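I set out to record what I looked up in one structure.

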Amino acid sequence: MSSSPSPAPVGGASRSPWRSLRYRSMRWWSVANFVSNAGTWMQLTVQNLLVLQITGSAAATGLSMSVQAAPALLISLLGGAAVDRFPRKLTAAVSQAALGAIAFVTATLVALDQLNMTTLMVLAAVTGVVATVDGPACALLGNDLVPPEDVPSAIGVGALVHNAGRLVGAALAGVTVGLLGTASAYAANGLSFLFVAAVIPFLRPAYGAVRAVPVTAGRVPQGRAVREGLAFFVRRPRLLALAAVTGVSAVFGRNYALTLAVLVTGPLAGGAGAFGTVSTVLAVGGIVGAVLGARLRRPSVRLVGTLAAAGGLLQVAAGLSPSLAVLLVLVLPMAVVESVSDTAGTAVLQTDPPSRLRGRVLGVWGSVGTVWSLGGPPALGLLMELAGARGALVAGGLIIACSIASGHLAHRRRRVVPTVVVQPEEHHTPAPAVLGTAA
């Protein structure tokens with residue numbers, strides 16, 4: 001890896017989804033993220049099996065996942081403030097090294113047969129705390145490597161890397177455990193974190209990239225820094241609109257693992273194999289959408305809302321599907337629209353705030369997003385109890401589309417400014433006199 005910044009690329013108006021990979025540091029960062037994602041998904045897959053082995057309880061598995069997610073709800077604001085306070089590369093490297101240390105500790109305890117449920121919960125909680133810093137630090141570090149117009153490409157490539165790492169990690173988990181044992185999966189994840197931490201010091205921003213200037217630790221108190229981020233978020237109409245669109249979509253749509261599973265195995269009389277086919281089509285659509293989203297140059301909240309509303313209408317059509325074949329035809333564009341919308345929304349979220357506030361804004365978003373992820377499935381489950389799988393899909397899709405349309409109309413009305421015609425006075429100061437006074 002060269003220590004000098006990459007030169008300005010020729011043809012800056014490129015819309016190629018891979019344009020962010022023209023920069024050497026971004027290529028290395030993508031490789032590092034793939035390795036890290038594969039290790040993380042390998043560990044997550046094994047962790048669920050490990051909890052089942054220790055407790056024999058599926059509920060305990062869900063509890064361990066909730067314990068790891070809970071810190072995002074409580075202290076994401078503090079994590080985001082830490083990302084803004086210190087140099088981003090340093091913060092990301094330290095957080096990756098800390099996650100690697102936790103993975104190695106867990107691997108050692110598993111190898112010595114000393115890991116019990118209490119210890120596992122504590123380690124999961126500590127992992128969640130570190131992730132409140134690591135998540136925004138790594139997300140913003142990738143964006144710091146490319147010019148602003150290539151940030152959507154960087155985010156789209158990141159989504160592809162995430163999906164690829166998930167598939168590879170889940171596949172490697174079974175092979176690794178079968179050959180080397182459960183502890184090896186945790187050790188492999190620890191090595192993946194150390195690999196990322198080793199790559200970070202060599203990353204260099206490309207020509208034209210916006211350099212993040214950290215807030216000096218002694219200059220702004222931590223409490224004030226957190227309040228600044230929260231105040232910016234709640235006073236920024238674009239971010240509030242993005243939060244509203246994403247929230248209504250997260251609660252009443254997108255939980256297709258739940259709604260489509262019930263639809264396929266219930267009204268459409270399919271089995272597990274049929275839902276596996278639907279899941280595969282969803283995955284393919286997500287990858288296609290990530291590629292299309294990476295072609296965007298200046299995504300907007302309006303685009304996110306339009307795509308979310310279109311996804312809601314497609315969801316309505318899916319709820320009315322008379323057969324599995326029709327559902328499969330609709331599932332692909334549903335996944336594509338969702339993926340493009342996610343890429344556009346992430347780009348807006350990570351580029352709209354000034355650089356010095358982006359970590360704190362992502363911290364606010366982490367807290368809000370955790371509320372959606374924890375509250376969405378129960379709300380959707382209740383809707384399915386009341387209206388069934390078809391009714392939940394149709395009602396949820398209509399709520400999404402109508403809510404976004406209503407918000408758009410309300411926004412347009414607020415922007416209408418009455419025209420005031422000012423009649424010129426009968427006796428006014430001649431122009432030369434005005435100019436002379438001004439002089």
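**Entry 1, basis.** I note that this is a predicted model, in which local features need pLDDT of at least 70, side-chain atom pairs count only at pLDDT 80 or more, and totals for chains, interfaces and linings use all residues. Residues are numbered from 1 along each chain as its sequence is written, and side-chain values use heavy atoms, with hydrogens and water left out.

I took a cavity as a set of points, on a 1 Å grid over the protein atoms alone, where a 1.4 Å probe fits but cannot get out; a pocket is an open set with protein on both sides within 12 Å along at least five of seven lines, and lining residues have an atom within 4 Å of a point. I found three cavities of 30 Å³ or more. The largest cavity has a volume of about 100 Å³. I list Arg254, Tyr256, Ala308, Gly311 and Gly312 as the closest to its centre among 13 lining residues. Helix α11 gives the most to this lining, with five residues.

The second largest cavity has a volume of about 70 Å³. Its lining residues include Gln43, Gln68, Thr106 and Tyr186. Two or more residues each come from α1, α3 (88-111) and α4 (117-144), and α4 has the largest share, four residues.

I then turned to the second largest pocket, with a volume of about 620 Å³. Of its 19 lining residues, Ala241, Val301, Gly407, His408 and His411 are the closest to its centre. Helices α8 (237-252), α11 (301-319) and α13 (358-415) each give two or more residues to the lining; α13 supplies the largest share, eight residues.

Which residues form a nonpolar patch on the surface? I recorded Trp28, Val31, Val35 and Phe195, with about 290 Å² of accessible area together. Helix α1 (residues 24-55) gives the most to the patch, with three residues. Val31 is found in α1 and counts as partly exposed because its relative accessibility is 43% (buried is under 20% relative accessible area, exposed over 50%, partly exposed in between, with a 1.4 Å probe and protein chains only).

I located Ala269 in the loop between α9 (256-265) and α10 (272-293). Ala269 is exposed, with a relative accessible area of 65%. The C-alpha atoms of Ala269 and Leu324 are separated by 8.7 Å, while the two residues are 55 apart along the chain.

Technical notes
Patch = residues over 30% accessible without salt bridge, like charges linked within 9 Å, V, L, I, M, F, W, Y side chains within 5 Å. Areas by Shrake-Rupley, 256 points an atom, 1.4 Å probe, with all protein chains shown as cover. Salt bridge = Lys/Arg side-chain N within 4 Å of Asp/Glu carboxyl O. Points joined across faces, edges and corners; volume = space filled by probe spheres on them.
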